[in-house]
Amino acid sequence: IGRDEERFVNAVLQPLWAGLAAGLAVSAVAAFALLGPPLQAVRETGATAFAMKMLFSVALFGTAFVLLFIAGRPGHKIGQRWLWMLVPLAIVAISAAMDLAMAPRYEREEIWPGSTWQTCFIAIMLLSLPVFAGILWAFQGLAPTRLRLGGMLAGLTAGSAGAVLYALYCPETTATFLLSWYSLAILAVGLIGLAAGPRLL
């Protein structure tokens, strides 16, 4: 990588990191105010379930952020890199299928919604909003050429960040719940970014 390219990369990354950090700080404070101290649910769910939720959310966040970084650089295309986001989804989907296959029939209908699906969906959406705003602020100084794509990736990154924060509080334990409601909430924020991208970016 040449010096000019390195300088340009830093010029793109610095505002993105700043926007993410500011948004995450606001979201973390909001999560504490609304949900209380983090990690309290781990006593009931166990470390394995917590690790599954956290790794899934972090993997999606990291992948979405890399794609967002690429989209913020004019002349760079995502291409087949979209497939990276399918990897954590596929792993959790396999685990969810195994959960459903081993569960008794009368429990399968309860596994999918869990007992907190509404809280999960709404919390991830709300916690993602400050991060989404921070990313949009950062993009004002960049030069995205595909505004809908940039908006969707901003939403997916923000939604995944919201999922990371909510995983610190989530009392659910199944991969089925994780695959369903975490993914739907993240996708919802991504669709908001897709729709709003041309106006906000």
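**Packing around helix α8**

The crossing of α7 and α8 is right-handed, and in this predicted model the axes of the two helices come within 6 Å and cross at roughly 150 degrees. Because angles over 145 degrees count as roughly antiparallel, α7 and α8 are therefore described as roughly antiparallel to each other. On the side of α7, the contact is made by Leu 147, Arg 148, Gly 151, Met 152, Gly 155, Leu 156, Ala 158, Gly 159, Ser 160, Ala 163, Tyr 166 and Ala 167. The residues contributed by α8 are Tyr 182, Ile 186, Leu 187, Val 189, Gly 190, Gly 193, Leu 194, Ala 195, Gly 197 and Pro 198. By residue class, this contact of α7 with α8 comprises 14 nonpolar, seven polar and one charged.

Helix α8, which spans residues 175-200, also packs with helix α3, residues 47-71, at an angle of about 30 degrees and with the axes 11 Å apart. That angle makes α3 roughly parallel to α8, since angles under 35 degrees are assigned to this class. The passage of α3 across α8 is a right-handed crossing. Here the contact involves Met 52, Lys 53, Phe 56, Ser 57 and Leu 60 of α3, together with Ala 175, Leu 178, Tyr 182, Ser 183 and Ile 186 of α8. The residues of the contact of α3 with α8 divide into seven nonpolar, two polar and one charged. Tyr 182 and Ile 186 are listed in the contact of α8 with α3, and Tyr 182 and Ile 186 are likewise listed in the contact of α8 with α7.

Aromatic pairing was examined next, and a search of the whole structure finds five aromatic pairs. In one of these, the rings of Phe 61 and Phe 65 have their centres 6.4 Å apart and their planes at 25 degrees, so the pair is classed as stacked. Phe 61 and Phe 65 are four residues apart in helix α3, which means that about one helical turn separates them. Phe 61 is buried, with a relative accessible area of 17%, and Phe 65 is buried as well, with a relative accessible area of 9%. A further pair is formed by Tyr 166 and Tyr 182, whose ring centres lie 6.1 Å apart and whose planes stand at 55 degrees, so that this pair is tilted. The pair links distant parts of the chain, with Tyr 166 in helix α7 (residues 147-167) and Tyr 182 in helix α8, 16 residues apart. Tyr 166 counts as buried at 2% relative accessibility, and Tyr 182 counts as buried at 0% relative accessibility.

Thr 173 and Gly 114 are 59 residues apart in sequence, and their C-alpha atoms are 8.8 Å apart in space.

Methods: Residues numbered from 1 in each chain as written. Predicted model: local features only at pLDDT ≥ 70, side-chain atom pairs only at ≥ 80, totals over all residues. Heavy atoms only, no water. Axes fitted to C-alpha atoms, helices over the stretch in contact; angles between N-to-C directions. Parallel < 35°, antiparallel > 145°, perpendicular 65-115°, else oblique. Left-handed = near helix turned anticlockwise from the far one by under 90°. Contact = heavy atoms within 4.5 Å. Nonpolar A, V, L, I, M, F, W, Y, C, P; charged D, E, K, R; others polar. Phe/Tyr/Trp six-rings, centres within 6.5 Å; stacked < 30°, edge-to-face > 60°. Buried < 20%, exposed > 50% of the residue type's maximum accessible area, 1.4 Å probe, protein only.
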